[in-house]
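Thanks for coming, everyone. Let me put the structure up, and then I'll walk through a few helix contacts and some backbone details.

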Amino acid sequence: MDIFGYTIKRKEPAQTERSFVPPSDDGALDTIRAGGYYGTYLDLDGAAKNESELIKRYRDISIMADVDAAIDDIINESIANIENENPVEINLQDVKVTTSVKKSIENEFEAILSMLKFNERAQDYFRRWYIDGRIYFHKVIDTAKPKQGLTDIRYIDPRKIKKVRNVMKEKDPKTGAEFVKKVEEFFMYHEKGILGTSNIHSSVITSQGLKITKDAICYAPSGLLDLDNNMVLSYLHKAIKPANQLRMMENALVIYRLARAPERRIFYIDVGNLPKLKAEQYLKDIMNRYRNKMVYDANTGEIRDDKKTMSMLEDFWLPRREGGRGTQIDTLPGGQNLGEIADIEYFQRKLYESLYVPVSRLQQQSGLNFGRAAEINRDELKFTKFVNKLRRQFSKIFHDLLKTQLILKGIITEEDWENMYLDVKFDFAQDAYYSESKDQELIRSRVELLSQLAQFDGTYVSKTYIQRNILKFTDEEIDEMDLENQEKAAHENIMQSHDDMVNSHSQQAQQDQEEQDG
């Protein structure tokens, strides 16, 4: 079968290093020799049999009101929508290349953002990546003119594509152990979705879809793996259980309130001397004549009349024989603890904790504190670190696309990229006041400490020590500030000399005038 796509030319490394363990940090579907594919089966309470079903579960819980609110908090903190500012910018400060190459890299990065329409769809891409736990893009090029670089970048539904790793091993004649000889990585795509059950032969996988080269697909996983089955998980994975529990508790609370809120009646019907069967029929006739069945639909939250379904709001009809007190109607009081929602709030807190969102954000009446950093909630600090982690993982999209674009256009080689990609960073726009408040508080505390050490400057501590250990300046910042101070001092000396000269001429002119007047 022919493989679709293109491959960036690279030198094959010499087989001097050997390992008996294939790489498995990205959730790829592994196959060893001709045995078959494995590592794609995950049974969650008997509901999810493969990655496609697992993604569907993630998407189902993501539309719950509480989960959606938590996801919105995460996305708004991760991808800020600030007017007249790009959501992300490239940072090449630590990259050791010429200025012209840096300028070319910045231009190509802008071209990539333009093809992605990232300024418009940044939060949409991040939401899809966060919910599904992975995101795929097809890197489209003009095969007749590959040096023109990428011509388009198209999103791929993760349920229709899967990364596959073909591991070929050889046996060591001395030890008998099997070592990895060669690793071939590619992607399988099928319009109707990729099968994900275990023990599927490689020929079945190959025949059901299109085989695509690794370099033609941009793949960014969440970084979370099911260690038993080597399956990529979403950050929503831990929220599945508390979300389902919260949903059940909310439905149970509504049903309980509908059932216990009204005051139900007890009808004692006098049946006289009627036989048992006729007495029961007589009682049912009276019940059907006066009863109105109200049914609660848990799927839509509606209440409707339905005579085919057992009612939740039922009166009690009891027969009474002749000689008793005759027909009588009593009333049962409604529930007294209908305002208790502590169990609902408990599962809401569990849901937010599973998503690393501060529980304080559930309290609508609580305000935001933009004061001293020491007063900021610890949960907010943990949440900020979690958002930074998400941004770094999501940045793999830009690394992959930028690498392909730069190599195709001949701006750098693959060896150059391997040496520099760790220094290529991406700065996300931030509209959260927490970072600014924290920086201001750090500066304030350093200045306060500096004022206390000012009297010891030149005696017990030196200026350099204060700059490095108190003000936390780097060597570059220290050199830059020393140069600025020297330039400022030189400028002040020049201005002082000019002022002295002007004053001297003025005094001399005044003396000359006095001598002439005398």
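When I say contact, I mean heavy atoms within 4.5 Å. Keep that in mind for Gln405. Leaving aside neighbours within four places in sequence, Gln405 is in contact with Glu108, Ile112, Met115, Gly149 and Leu150. This is a predicted model, please remember.

Now the overall picture. The protein has 14 helices and 17 strands. There are 518 residues, and 37% of them count as buried. Take the contacts with a separation of 6 or more: 72% of those come from residues 24 or more positions apart.

Back to Gln405. Which helix holds Gln405? Gln405 lies in helix 10. Is Gln405 buried or exposed? Its relative accessibility is 2%, so Gln405 counts as buried.

Helix 10 covers residues 396–408, and its axis comes within 10 Å of the axis of helix 3. The two cross at roughly 120 degrees. That crossing of helix 3 and helix 10 is right-handed. Who makes the contact? From helix 3, we have Ile105, Glu108, Phe109, Ile112, Leu113, Met115 and Leu116. From helix 10, we have Phe398, Leu401, Leu402, Gln405 and Leu406. By class, this contact of helix 3 with helix 10 has 10 nonpolar residues, one polar and one charged. Glu108, Ile112 and Met115 in that helix 3 list are also among the contacts of Gln405.

Helix 2 is residues 65–78, and helix 9 is residues 378–394. Their axes come within 10 Å and cross at roughly 70 degrees. Angles of 65 to 115 degrees count as roughly perpendicular, so helix 2 is roughly perpendicular to helix 9. The crossing of helix 2 and helix 9 is right-handed. On the helix 2 side, Asp73, Ile74, Glu77 and Ser78 take part. They meet Phe383, Phe386, Val387, Leu390 and Arg391 of helix 9. By class, that contact of helix 2 with helix 9 has five nonpolar, one polar and three charged residues.

Stay on helix 9 for a moment. Which residues of helix 9 are buried? They are Glu380, Phe383, Thr384, Phe386, Val387, Leu390, Arg391, Gln393 and Phe394. Among them, Phe383, Phe386, Val387, Leu390 and Arg391 also meet helix 2.

On to the backbone. Most residues other than glycine have a negative phi. Here are two with a positive value. Lys117 has a phi near 55 degrees, and it is not a glycine. Lys117 sits in the loop between helix 3, residues 99–116, and helix 4, residues 118–132. The other is Tyr356, with a positive phi of about 65 degrees, again not a glycine. Where is Tyr356 found? Tyr356 is in the loop between helix 8, residues 342–354, and helix 9. At 39% relative accessibility, Tyr356 counts as partly exposed.

Glu51 is found in helix 1, residues 51–62. Glu51 has a relative accessible area of 10%, so it is buried. How far apart are Glu51 and Pro158 in sequence and in space? They are 107 residues apart in sequence, and 9.0 Å apart in space, C-alpha to C-alpha.

That's my tour. Happy to take questions.

Terms used
Residues numbered from 1 in each chain as written. Predicted model: local features only at pLDDT ≥ 70, side-chain atom pairs only at ≥ 80, totals over all residues. Heavy atoms only, no water. Axes fitted to C-alpha atoms, helices over the stretch in contact; angles between N-to-C directions. Helix = DSSP H or I, 4+ residues; strand = E, 2+ residues; numbered from the N terminus. Parallel < 35°, antiparallel > 145°, perpendicular 65-115°, else oblique. Left-handed = near helix turned anticlockwise from the far one by under 90°. Nonpolar A, V, L, I, M, F, W, Y, C, P; charged D, E, K, R; others polar. Buried < 20%, exposed > 50% of the residue type's maximum accessible area, 1.4 Å probe, protein only.
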